[in-house]
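Colleague: Before we start, please show me the model. I would like to go through some of its side chains with you.

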Amino acid sequence: MAKADEFNKLVEDYAQSVYTHAHRMLGSREEAEEAAQDVFLRIHRSLAGFQGRAKISTWIWRITTNVCLTRREVLRKSMTTLMDVEAAAEVSDESPDPECSFIVREERDRLGHLIASLPDREAAAITLFYIEGMDYKEIAGILDIPAGSVATALHRGRERLAGRLSDMKERP
């Protein structure tokens with residue numbers, strides 16, 4: 001398969017997942033779109049040099065996570081507010097009740113905002129494990145940390161999310 005065809009196939013296969021992961025980590029549609037573009041630009045530039053030592057999906061997730069972590073740091077330094085969270089994914093309207101669809105979208109937005117507010121490693125681990133369905137070994141490879149550190153990041157991230165959800169429920 002030609003490199004251009006291979007790249008187009010990767011974009012087709014991973015575009016939505018890369019965008020969703022970036023959105024979860026960055027908390028904003030605009031940032032996620034820019035991050036996804038950066039990811040695929042890096043993939044395009046590096047595809048010829050990909051040696052296949054890891055699965056292509058692991059390589060793509062590592063690039064995606066690194067791009068997002070870099071963007072989070074830039075956002076933090078520039079004091080940009082991540083409060084403008086857009087819907088993480090389109091909600092299919094399986095229910096004839098538009099109010100139900102609205103509530104589901106609102107809950108996804110709230111969860112996206114909460115995940116984006118976590119420390120970098122925790123946000124990445126939570127997103128990769130719960131949203132992308134990856135196992136500890138895959139996440140460890142992507143984040144370049146031991147599997148035990150993945151477990152710790154997930155545990156701490158869950159605790160922080162639970163605490164923040166509890167705080168939100170206590171507020172009027």
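Colleague: Is Y136 in this predicted model buried, partly exposed or exposed?

Modeller: Buried means under 20% relative accessible area and exposed means over 50%. Y136 has a relative accessible area of 31%, so Y136 is partly exposed.

Colleague: How are the rings of F129 and Y136 arranged?

Modeller: Ring planes over 60 degrees apart count as edge-to-face. The centres of the F129 and Y136 rings are 5.6 Å apart and their planes stand at 70°, so this pair is edge-to-face.

Colleague: And what is the arrangement of F129 and Y130?

Modeller: F129 is partly exposed at 24% relative accessibility, and Y130 is partly exposed at 45%. Their ring centres lie 4.8 Å apart with the planes at 85°, so F129 and Y130 are also a pair of the kind called edge-to-face.

Colleague: Which residues do the ring pairs link into a cluster?

Modeller: Rings pair if their centres lie within 6.5 Å. The count comes to three aromatic pairs. The cluster linked by ring pairs consists of F129, Y130 and Y136.

Colleague: Which residues of helix α6 are buried, and what arc do they cover?

Modeller: Helix α6 spans residues 136–143, and its buried residues are I139, A140, I142 and L143. They lie on the same side of α6, because around the axis they cover an arc of only 165°.

Colleague: Which backbone nitrogen does D135 reach at the start of α6?

Modeller: D135 contributes a side-chain oxygen at the start of α6. That oxygen comes to within 3.2 Å of the backbone nitrogen of K137.

Terms used: Residues numbered from 1 in each chain as written. Predicted model: local features only at pLDDT ≥ 70, side-chain atom pairs only at ≥ 80, totals over all residues. Heavy atoms only, no water. Buried < 20%, exposed > 50% of the residue type's maximum accessible area, 1.4 Å probe, protein only. Helix = DSSP H or I, 4+ residues; strand = E, 2+ residues; numbered from the N terminus. Arc of directions from axis to C-beta. Polar contact = N/O pair within 3.5 Å; in protein donor to acceptor, adjacent residues only side chain to side chain. Phe/Tyr/Trp six-rings, centres within 6.5 Å; stacked < 30°, edge-to-face > 60°.
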